[in-house]
Amino acid sequence: MSAVTRAGPAETAGPARALSHRRPLGDRAFQVIALSAGLLVLVILVLIAVTTSQQATSWFSAEGFKIFTNNWNPAANQFGALAFIFGTAITAVIAVILAVPVSVGIALLLTEVVPRRWAQPIVYVVDLLAVVPSVVWGLWGILVFAPWLQGIYTHIASGVTGIPVLENLFGQPTSGESFFTAGLILAFMITPIVTSLSREVIATVPAIDKEGAYALGATRLEVITGAVWPHSQGGIIGAVLLGLGRAMGETIAVALVIGSSPAITSHLFAPGYNMPAVIANQFGEAAGVFRAALIGMGVLLFAFTIIINLLARGIVARNARRMRGA
Amino acid sequence: MAIATEQPAVDLREPAGWRRTKNRIATAAMVLSFVVVIIPLGFVLYTVIAKGASAIGWSFLTSQIPENLSPLGTGGIGPAVSGTLEITALATVMAVPLGVLGAIYLNEYGGNRPLARLIGFMADVMTGVPSIVMGLFIFSIWVLHFGFSGLAGAFALACLMLPVVIRSSDEMLKLVPNSLREGSYALGATKARVTATVVLPAALPGIVSGALLAVARAAGETAPLLFTILTVTSVNANVFSGPNTSLPSQIFSNATQPYPGAQARGWGAALTLIAIAFILMIAARIVTARFTRYSR
């Protein structure tokens, strides 16, 4: 449907009509090429689901629902993945709990407090966190950060002995490599994305709402809680979910600092394991059902992150539509 | 007073002093959250530069990877540098044209059609697929049949880059004013010609800058390479067949070595990797700052 056809007078006789009927071949070919490039996204997503599930079938059929048991012993052909699912959830949740307040704080700082010419340098600095590759976070984590954290963990653990709940959470540190270390490094890594998404959401709050609140004599905090927050709530929840999805799939940094021992425990300072880390660390020596189990955990990871992403994007999109309507 | 009661969050009857104090505390907390972010960033960058700078040098960047237990000074990370450059370049050649074409479909042809909306939405979702899943995917679909190679690694990186390039290019195409398109149509140009000779050139700086950022991100990825290129220590000039190596894979294997020499080479490789990412990022900023015609 090029604009040319519609622009031409409808009743013209002769060559103009012949020209208007069919678009040149090159034009249609270009459209087809562009469309297939777009469709590639859908094709790849479907292929990921199909091919990885295929490679994992021997795990699913050999173990059935036992894949969700806490029984991982490759030497004895037992491949229950519950400890890894637990580790994935716990590290991602730690990361989100630590990263979200900081990210939303920075987003508010950028949009509501600092003047525009200061905002850009702050954004650059926060984005630098995302430029540091995962493996460099891991290298620093295992050689510098974890040994340093070990002393702090020991201090905290001796401080909480005897206090009921805290003792179960923060007691018994064995080394610096633990669920908490992994969660902490994940928090650094997801802060830029949560910050930039929250900032985008907060930036859509109509200026007139904020100005109205200021005109009533509200302080900045009152403007944020009264005018900014109600508008951006939904979008920020979406941003948090996307951060959670990122934290769940992040591999190499976690593989190096999580401690590599499958465990279901309430002790956050104890070494653990999660799905991406076990895939990365053990894939090289795996064969048969073992390899199928690792690929199967990849399938689970894919499913979890897709669900979280669909949910988050849905929330963000709905929120954006509502804001435009308002 | 009626207005004040309609805004329950703003209780103007509170003492003014306390309201101001709360406000100050909140502002301080926001500044603090930025400081909290600078600390780990400074810590990690300082460590990498301090430990990496002593390792790095021309011969370090070009010579062979030695045995893990050999001390710093013998050998270097040459194969990893060449592997990273080759694999990333190959991935870029695959992902960027396809990504730009996809964005052209979304923006120039798709418009508001359900299919275009679906593709745009799924591209967003695809950016959230963990990089290790991309590695497993290429392992299942390619490596099992054709073996480990730099090409397989490039496929995995390209899969990661594709949705990012689509999204950033789409944003840039949206910024091109419609009057440019209409002007060209009025001269009788076809849609393909308008897109190729008017819209794309107008959006090019933004597209290039977005692509550079995607490349910078991909160059640092390890997880998708683990199961696609394997990690070897010898140089493999043929990207299309045989196991290869890369900077991130080399750092990953050196990080767990007990030998100081291997760790030092890991730091040197980390500094090299960060330097590559920074150069790409700065290039992207320069392109944005100097050549962008339309921006938000």
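Angles under 35 degrees count as roughly parallel, over 145 as roughly antiparallel, 65 to 115 as roughly perpendicular and the rest as oblique. The model is predicted, so local features need pLDDT of at least 70 and side-chain atom pairs count only at pLDDT 80 or more, while totals for chains, interfaces and linings use all residues. Residues are numbered from 1 along each chain as its sequence is written, and chains are lettered from A and ligands numbered from 1 in the order in which they are written.

**Exercise 1.** Determine how α3(A) and α6(B) are oriented to each other.

*Solution.* Step 1: helices (H or I, at least four residues) and strands (E, at least two) are DSSP runs, numbered from the N terminus. Step 2: axes are lines fitted to C-alpha atoms, for helices over the stretch in contact, and angles run from 0 to 180 degrees between N-to-C directions. Step 3: for helix α3 (residues 25–63) of chain A and helix α6 (residues 131–146) of chain B, the axes lie 9 Å apart and the angle is about 70°. The two helices, α3(A) and α6(B), are therefore roughly perpendicular. Step 4: two residues are in contact if their C-beta atoms, placed from the backbone, lie within 7 Å. On α3(A) the contact includes A:Leu47, A:Ile48 and A:Thr51, and on α6(B) it includes B:Val133, B:Leu136 and B:Phe137. Step 5: Ala, Val, Leu, Ile, Met, Phe, Trp, Tyr, Cys and Pro count as nonpolar, Asp, Glu, Lys and Arg as charged, and the others, Gly among them, as polar. The contact of α3(A) with α6(B) has six nonpolar, five polar and no charged residues.

**Exercise 2.** Classify the packing of α4(B) against α5(B).

*Solution.* Step 1: the axes of helix α4 (residues 78–110) of chain B and helix α5 (residues 114–127) of chain B come within 10 Å and cross at roughly 150°. Step 2: that angle makes α4(B) roughly antiparallel to α5(B). Step 3: the contact is formed by B:Tyr105, B:Leu106 and B:Gly110 of α4(B) with B:Leu115, B:Ala116, B:Ile119 and B:Gly120 of α5(B). Step 4: by class, the residues of this contact between α4(B) and α5(B) are five nonpolar, two polar and no charged.

**Exercise 3.** Which residues make up the side of chain B that touches chain A?

*Solution.* Step 1: 75 residues of chain B are in contact with 83 residues of chain A. Step 2: helix α2 (residues 16–53) of chain B supplies the largest share of that side of chain B, 19 residues. Step 3: the side of chain B that touches chain A divides into 55 nonpolar, 15 polar and five charged residues.

**Exercise 4.** Is A:Leu242 buried or exposed?

*Solution.* Step 1: a residue is buried if 20 or more other C-beta atoms lie within 10 Å of its own, exposed if 12 or fewer, and partly exposed in between, with C-beta atoms placed from the backbone. Step 2: A:Leu242 has 25 C-beta neighbours inside 10 Å and therefore counts as buried. Step 3: A:Leu242 is found in helix α10 (residues 220–249) of chain A. Leaving aside neighbours within four places in sequence, A:Leu242 is in contact with A:Ile193, A:Leu197, A:Asn309, A:Ala312 and B:Gly128.

**Exercise 5.** Describe the overall makeup of chain B.

*Solution.* Step 1: chain B has twelve helices and zero strands. Step 2: buried residues make up 51% of its 296 residues. Step 3: the C-alpha atoms of chain B fill a box of roughly 80 × 65 × 40 Å, taken along the principal axes.
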